[in-house]
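Hi everyone, thanks for coming.

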Amino acid sequence: MLILAFIMAGCSNQVSNNNGDTISSEQPAPAEKSSITDDNKKITIIHSLPSETLDPHNGWIALRAGVTETLVRLDENMHVTPWLASKWEAKDDVTWVFTIRDDIDFQDGTKLDAAAAKASFERGITDSKALAASLKIASLEANGQELTIKTTEPLPAYPTELVHPTTSLISVAAETSMGKEKFNQAPVGTGPFKVTSFVSGKEIKLVRNDAYWDEKARLAEVTFQSNADANIRTLAFQSKQADIVYHLSPESLEAIKQEQDLSVESVTSLRTHYFTYNPASNNVTDIQVRQAIDKLIDRDAIVNDIMLGHAMPANGPFNSTLPFGNSEAAQKLDSVGALQLLESAGYTAGANGKLEKDGKALTLKLIAFSGINPELPLIPLVVQSEAAKIGVTIEIVSVEYPEVYIKDQTDWDISTSSYLTSPRGDGGSFLNSTYIVGGSYNPANIHIDKLDPIIKQLNATGEVAQRNELTRKAVEIINEAMPHSYIINPNILVGVNKRVANWKPGAEEFYIVTNKLDVN
Amino acid sequence: MLWHFASRLIQLVVVLLLLSIVTFILMKLAPGDPVLAILQASDGALSQRDQETIREELGLNTPIYVQYGSWLRNVLNLDLGKSLTNNREVWTILMERLPATVYLFLGAIAVLFIFSVPLGWLAAKYKGRLPDTFSRLFAILGASIPSFWLGLLLVYVFSYQLNWLPTMGSGTIMHLILPSVTLGFVIAPEYIRLLRAGLIETLSQDYILAAKSRGITNRSILFRHAMPAALMPIVSLLGISMGALMAGSVVTESLFGWPGLGSTAIEAIRLRDYPVIQGYVMLSGFFFLATNWLSDIGLVILDPRIRLQKVGRI
């Protein structure tokens with residue numbers, strides 16, 4: 001059967017488009033082009049992360065699918081800008097007043113006012129422990145279009161918290177009439193698209209919300225699917241069964257390039273892959289050893305050979321294109337410099353060529369993991385190879401959850417880590433959670449004395465330019481103390497059929513289905 | 001007969017209870033932290049104090065026997081709890097996903113029979129000749145191909161190159177074909193071998209020779225006499241195959257984005273969503289035992305010898 005299928009495959013040069021019409025693989029069928037009108041424009045998008053629920057407060061998908069919106073949003077430069085709220089101000093350390101636009105209705109026709117927004121936040125913090133923990137709401141007060149939020153502690157960058165998809169505003173009135181279970185299958189928000197059907201873990205069907213408060217969506221229908229397998233997503237893209245496909249693997253790009261109807265957008269992400277050094281390990285206590293390891297990371301090889309060019313060498317926790325990112329060049333591979341540093345730290349070459357100190361060879365245990373990024377386990381191999389050349393042995397141990405291993409064990413020297421370091425367009429939360437003892441990204445309990453006053457100052461500053469300046473200062477101190485070695489910012493690879501118009505993927509991966517998204 | 005049903009029911013309850021204890025302990029021993037998964041929903045850049053608060057609210061900081069006791073108490077009240085990551089009722093999640101898995105299983109079983117019956121019959125009929133060799137080669141191929149690779153190959157050929165079938169998703173019979181072939185093909189070899197052996201043995205029985213000597217047609221001998229007898233071990237194997245189907249569905253569903261129980265289980269395991277994992281294991285265990293039970297009943301119906309033996313015992 002397979003042999004027969006291969007023979008037939010060899011004979012065929014036909015593919016079918018998204019509407020199931022068979023067309024030549026060379027160019028779109030003219031018939032299809034001419035038949036596209038505003039009322040039948042449709043698109044299929046495939047993302048990598050399946051979603052069990054459309055509950056806007058327990059997942060990102062409702063906002064990504066253009067069903068819900070938030071008070072504020074990030075623009076393409078990662079600045080917080082108005083969305084459902086036209087303006088906001090901090091009355092004091094813990095009091096924020098948001099003025100909600102007066103011309104917005106939910107998709108069920110109920111008006112969005114401060115009382116509706118208050119009900120939405122109350123529902124969110126009741127139904128989502130994560131949201132309750134991040135918003136830290138002490139009280140909410142509604143007065144016409146003015147929503148006053150009092151927080152349990154001073155949070156000067158509070159609007160950045162409200163950028164997150166899980167802070168989406170929903171119509172609680174709709175939930176009351178539909179019932180929670182039904183509502184979570186078809187939430188009612190203020191977005192340009194309404195849900196017509198949802199199959200958990202697989203697919204959302206959307207139609208245009210004709211009563212949208214902003215410019216009406218250009219597409220009539222959207223199918224938003226998910227599949228965790230990168231190969232299947234790639235094949236769906238290549239067979240034109242999907243128009244936009246997220247998270248393609250770099251290896252698939254060569255094949256995609258052969259198709260003239262397809263293109264790939266490569267966007268530097270807000271994620272950073274890095275090494276964490278164990279502050280409790282005698283092997284890496286000496287900063288010269290950490291600096292030597294940093295010099296042994298061939299970031300260019302990782303970018304070019306592993307990521308096939310779809311990444312950026314990292315020189316700090318934040319993507320260097322961000323306003324608070326470090327603009328200095330990333331460290332290049334420097335084996336000679338690394339050897340000098342290790343010699344200065346007291347290591348000398350032993351009889352077998354291995355570097356040793358006090359008769360003990362320098363052997364480092366490196367914790368590796370893969371997570372959802374296939375390149376992560378390969379990075380330690382590059383470093384291991386370079387280290388071996390100067391006589392340093394790196395033993396790689398693969399674990400499923402490095403943060404759990406780091407927390408529970410002490411027998412490690414270096415660990416691979418990977419986090420979204422500025423998902424809300426601000427570095428404050430990463431600095432707090434990674435460099436303060438007790439932070440959720442700090443299982444190794446890293447602490448830098450000089451950094452504490454900067455973070456404290458940052459936590460008390462609301463002005464964006466000042467925050468950016470303080471974040472850059474913090475990065476300088478971090479790079480000087482080197483508790484981590486930042487390696488790369490991987491790119492997000494998104495396949496886009498050339499018939500898609502007015503759309504580019506954002507680094508934040510929040511706003512996927514928009515009112516501007518169109519097809520030719 | 002009543003005693004037979006009662007004893008099977010008791011067995012079911014005991015096995016499910018033991019299964020729940022073992023799963024609960026293994027889940028808790030495995031590395032990973034559900035609180036980290038919960039915090040992922042909002043990127044969770046939070047303090048360890050926040051994490052501790054959530055852990056306390058969910059009762060995850062109590063001793064394991066207390067957690068198990070609380071879970072068991074809820075289960076006895078027909079409450080499997082709520083998902084830690086999306087706050088939905090576990091029962092609702094499982095029931096929502098169950099139909100897709102059942103369709104996939106039925107599709108896979110259909111594929112399994114489409115492959116194994118003709119190939120098993122050809123191999124038995126032409127024992128030692130080309131069809132037999134082909135059938136055995138096919139069985140070896142099926143047994144050695146990993147399902148994820150076969151699935152990709154099928155998608156490449158039938159979706160990308162030929163554009164006959166959708167690459168992924170569900171909703172129509174066309175969506176069901178590739179996942180069913182992927183799942184059924186890997187299980188089929190065992191059935192081909194068993195059917196071949198069963199048919200060879202049955203066709204050499206005296207009563208078949210007697211039938212032949214009475215001038216009964218080959219077709220009639222095959223379908224009315226030999227095939228039912230040779231299918232007997234297949235019915236037993238079907239019960240045992242439920243485990244393989246369950247395991248295979250995890251890979252197949254994830255590959256094809258098929259919205260069944262397997263893909264839910266994988267996601268729940270990744271996120272350490274304990275209530276969903278526990279619910280999935282209980283449901284799988286129930287189906288495994290129930291299918292075995294049904295295959296026993298099937299054997300009683302198909303095989304008069306067993307039927308008479310059981311009636312005699314009852």
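This is a predicted model: local features need pLDDT of at least 70, side-chain atom pairs count only at pLDDT 80 or more; totals for chains, interfaces and linings use all residues.

A nonpolar core is a set of buried Ala, Val, Leu, Ile, Met, Phe, Trp, Tyr and Cys residues joined through C-beta atoms within 7 Å. A residue is buried if 20 or more other C-beta atoms lie within 10 Å of its own, exposed if 12 or fewer, and partly exposed in between, with the C-beta atoms placed from the backbone.

Residues are numbered from 1 along each chain as its sequence is written, and chains are lettered from A and ligands numbered from 1 in the order in which they are written.

Okay, the cores. Which residues touch the most other members of the largest nonpolar core? Those are Ile45(A), Ala65(A), Val245(A) and Val513(A), out of 105 residues in that core. The element that gives the most to this core is α5(B), with 14 residues. When I say helix or strand, I mean DSSP runs, H or I of at least four residues for helices and E of at least two for strands, numbered from the N terminus.

Zoom in on Ile45(A). Skipping residues up to four places away in sequence, Ile45(A) touches, among others, Val222(A), Phe224(A), Ala242(A), Ile512(A) and Val513(A). Two residues are in contact here if their C-beta atoms, placed from the backbone, lie within 7 Å. Apart from this core lies another one, of 86 residues, including Trp83(A) and Ile367(A). As background, nonpolar side chains tend to be buried together in soluble globular proteins.

Now over to chain B. How many helices and strands does chain B have? There are 13 helices and zero strands. The C-alpha trace of chain B spans about 85 × 60 × 30 Å along its principal axes. Chain B has 314 residues, and 40% of them are buried. Take the contacts in chain B between residues at least 6 apart in sequence: 73% of those join residues at least 24 apart.

Ile145(B) has 17 other C-beta atoms within 10 Å, so it's partly exposed. Between Ile145(B) and Phe185(B) there are 40 residues in sequence, and their C-alpha atoms are 9.2 Å apart in space. Leaving out residues up to four places away in sequence, Ile145(B) touches Leu150(B) and Val186(B).

So how do the two chains meet? The contact takes 57 residues from chain A and 49 residues from chain B. On the chain B side, the helices that each supply at least two residues include α2 (34–40), α5 (90–125) and α10 (218–256). α7(B) gives the most to that side, with eight residues. By class, the side of chain B that touches chain A has 21 nonpolar, 20 polar and eight charged residues. For those classes, Ala, Val, Leu, Ile, Met, Phe, Trp, Tyr, Cys and Pro count as nonpolar, Asp, Glu, Lys and Arg as charged, and the others, Gly among them, as polar.

Back to chain A for a few stops. Helix α11 (residues 287–295) of chain A is mostly covered, with seven of its nine residues buried. Among those buried residues are Val289(A), Arg290(A) and Ile293(A). The buried residues of α11(A) pack against β15 (271–277), α13 (335–344), β22 (414–420) and β23 (484–497) of chain A.

Next, two single residues. Is Asp92(A) buried or exposed? Asp92(A) is exposed, because it has 8 other C-beta atoms within 10 Å. You'll find Asp92(A) in strand β6 (residues 85–92) of chain A. The C-alpha atoms of Asp92(A) and Arg467(A) are separated by 17 Å, though the two are 375 residues apart along the chain.

Thr514(A) sits in the loop between β24 (500–501) and β25 (518–519) of chain A. Thr514(A) counts as partly exposed, because it has 18 C-beta neighbours inside 10 Å. Apart from its neighbours within four places in sequence, Thr514(A) is in contact with Gly66(A) and Pro192(A).
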